[in-house]
Amino acid sequence: MREPALHARGRAAALLAAAALGAACSGGGDAASPPPGPGAALATVTVEPSRVARETTFDAAIEALNQSTVAAQTTGRVVELPYDVGDYVEKGAVIVRFTAAEQRARQQALEAASGEAQARLSEAELAFDRARDVYAKRLIARAQFDKAQADFDAAKARAETARAQLAEAREGLGYPTIVAPYAGIVVARHVQLGETVAPGRPIMTGLSLEHLRAVAEIPQQHIGPLRRHRKARVILPDGSSVDAATLRIPPSADPATHSFRVIVELPTGDRGVYPGTLVKVAFVSGEDERLLLPAGAVVRRGELTGAYVVDAGGRIGLRYLRLGSPAADGRVPVLAGLASGDKVATDPIAAGIAYKKQPRAGTGA
């Protein structure tokens with residue numbers, strides 16, 4: 001009979017202990033939830049997988065699409081040379097001017113010759129008209145009529161030749177002045193002020209900064225995906241990128257290097273780069289699924305990169321990350337350190353301040 005009594009007393013003691021514990025926890029009311037962590041007030045972004053273009057990056061060099069050397073088209077002495085190497089020249093600006101005395105003298109001589117040829121033509125035309133009327137009345141021989149017609153045709157040909165020569169001379173009056181065919185930079189000047197030049201003499205070499213292209217040597221094992229996608233972007237020295245306007249892939253490789261010289265044209269405009277500058281070209285070679293993070297949310301501490309992650313309770317943690325090359329829209333692919341659904345603080349400065357102020361686990365503060 002003692003064993004049931006012992007069990008009864010044990011059950012009673014357990015019930016009393018449970019009641020006392022419940023009273024101590026509740027304080028006579030409902031249980032209070034813990035206060036939210038400091039990260040609850042931060043702006044966050046939820047990291048989710050996204051389909052992004054897979055890119056293969058190669059080194060490239062910038063070249064000018066328009067680079068030319070202007071030459072003299074007439075004989076003359078250089079009397080004006082306003083630009084030197086390194087100067088920027090607007091389109092249509094005068095870059096050299098020669099003396100034009102010879103051109104004006106030639107024009108005056110040809111004007112006189114043209115006037116004489118026109119007078120001879122009028123005289124021959126009158127003689128031909130008279131000969132035709134007289135020949136119609138059978139008052140002159142056929143030979144005289146044929147001679148009048150031949151003189152008229154010859155005079156007409158001489159007048160046309162004189163007019164053509166005069167037009168050429170008038171056009172040549174513009175040769176002593178050379179203007180820039182496009183806006184650009186002077187890279188070489190081949191004459192000096194006061195020099196006498198002849199037709200064909202190089203005067204000045206310039207290039208345009210508005211039309212540039214990047215040239216990359218692509219190994220043959222990478223050319224297949226590049227041909228299929230035909231999309232690329234040029235990564236400039238300041239870290240910004242611009243989509244390629246056109247992509248030109250040669251049909252065959254260089255027999256010596258077994259590589260393809262791919263030309264990537266940049267959109268028209270001043271990009272702040274110059275011919276000879278080294279850049280990188282990211283060619284689309286496929287598609288991947290990546291976790292993308294806004295570039296502004298990345299924390300950089302020396303050689304380490306990371307981000308502040310806010311959990312469901314509002315507590316902040318610093319995660320060190322391994323990142324890939326920035327995507328075309330500026331977001332950064334996360335290769336390691338984050339999982340789908342993580343919430344990342346978009347303002348790392350505010351998150352860092354809150355992270356330092358929050359109580360540490362196990363301190364009770």
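This is a predicted model: local features need pLDDT of at least 70, side-chain atom pairs count only at pLDDT 80 or more; totals for chains, interfaces and linings use all residues.
Trainee: Is the pair of Tyr308 and Tyr355 stacked, edge-to-face or tilted?
Mentor: A pair of aromatic rings is described by the distance of the centres and the angle of the planes. For Tyr308 and Tyr355 the centres are 5.6 Å apart and the planes stand at 50°. Planes under 30 degrees apart would count as stacked and over 60 as edge-to-face, so the pair of Tyr308 and Tyr355 is tilted.

Trainee: Which elements hold Tyr308 and Tyr355?
Mentor: The two residues are 47 residues apart, and their pair links distant parts of the chain. Tyr308 lies in strand S18, and Tyr355 lies in helix H5.

Trainee: Which strands do the buried residues of H5 pack against?
Mentor: Helix H5 covers residues 348-357, and its buried residues are Pro348, Ala351, Gly352 and Ala354. These buried residues pack against strands S17 (299-301), S18 (304-310), S19 (316-320) and S22 (343-345).

Trainee: Which residues touch the most other members of the largest nonpolar core?
Mentor: This core has 27 residues, and the elements giving two or more residues to it include strand S2 (49-64), helix H4 (223-229) and strand S16 (278-293). Val281 is in contact, beyond its neighbours within four places in sequence, with residues including Phe58, Ala214, Val234 and Val264. The residues that touch the most other members are Ala214, Ile218, Val234, Val262, Val264, Val281 and Phe283.

Trainee: How many residues are in the second, separate core?
Mentor: Among the members of this second core are Ala72, Val96, Val197 and Ile203. The number of residues in this separate core is 16.

Trainee: Where is Arg230, and where is His258?
Mentor: Arg230 has a positive phi of about 50° although it is not a glycine, and the phi of His258, likewise not a glycine, is positive and near 60°. Arg230 counts as partly exposed at 41% relative accessibility, and His258 counts as partly exposed at 45%. Arg230 is in the loop between H4 and S12, while His258 is in the loop between strand S14 (246-248) and S15.

Conventions:
Residues are numbered from 1 along each chain as its sequence is written. Side-chain values use heavy atoms; hydrogens and water are left out. Buried means under 20% relative accessible area, exposed over 50%, partly exposed in between (1.4 Å probe, protein chains only). Helices (H or I, at least four residues) and strands (E, at least two) are DSSP runs, numbered from the N terminus. Contact means heavy atoms within 4.5 Å. Rings of Phe, Tyr and Trp (its six-membered ring) pair if their centres lie within 6.5 Å; planes under 30 degrees apart count as stacked, over 60 as edge-to-face and the rest as tilted. A nonpolar core is a set of buried Ala, Val, Leu, Ile, Met, Phe, Trp, Tyr and Cys residues joined through side-chain atoms within 4.5 Å.
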